[in-house]
Amino acid sequence: MTNMTPIARILALSAASFLVATAHAQVTVKEAWVRATVPQQQATGAFMQISAAKDTRLISASSPVTPVVEVHEMAMQDGVMRMRQVPSVALPAGKTVELKPGGYHVMLLDLKQQVKEGDTVPLTLVFEGQDGKRETLEVKAPVRALNAAAKPAGAAHGEHKH
């Protein structure tokens, strides 16, 4: 780097720091989708499978389709299924965590317009590693019908590992 111009040195250092940042948590998101809404419905859920190379947490999400996006959990409490906002979802290293109906999920609240089957909803997910460093990941989630199951139509049992 000693023969480089100051600008070339800055670009090389920036590129190196970018590579370190993207390698930090190495988060992967698969099968992201959002449930369609009916007219006037103001909330829906986003679901996906997330895995990380290192212990990480999903700490927040955002989307241009609404100003309010929260991470939620559905859980049985005193014999009643309840939904509540959670500060984070743990992503243990090497394990896939499924955000799905009836469990952890991302809630899109205060929707101003209907989310229709065939649309795509952009989501920005924010993750935090054990070292406190944050990483964002952009996801484009297709919108599925209201009665959509957790797996896409025609998904075979052999798509996952045992």
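## A first look at this predicted chain

The protein chain has an accessible surface of about 9900 Å², and 56% of that belongs to carbon and sulfur atoms; such areas come from the Shrake-Rupley method with a 1.4 Å probe, and for residues only the protein chains shown count as cover. This is a predicted model, in which local features need pLDDT of at least 70, side-chain atom pairs count only at pLDDT 80 or more, and totals for chains, interfaces and linings use all residues. Residues are numbered from 1 along each chain as its sequence is written, and side-chain values use heavy atoms, with hydrogens and water left out.

Confidence is given as pLDDT, the predictor's score for each residue from 0 to 100. The chain has a mean pLDDT of 82, with 75% of its residues at 70 or more.

Where pLDDT is low, the predicted coordinates should not be read in detail.

Now to the fold. One helix and ten strands make up the list of elements, where helices (H or I, at least four residues) and strands (E, at least two) are DSSP runs numbered from the N terminus. Along the sequence, the pattern is α-β-β-β-β-β-β-β-β-β-β. Among contacts with a separation of 6 or more, 66% join residues 24 or more positions apart.

Ser-51 sits in strand E2 (residues 44-52). Leaving aside residues up to four places away in sequence, Ser-51 touches Gln-26, Val-27, Thr-28, Lys-95 and Thr-96.

Conventions:
Contact = heavy atoms within 4.5 Å.
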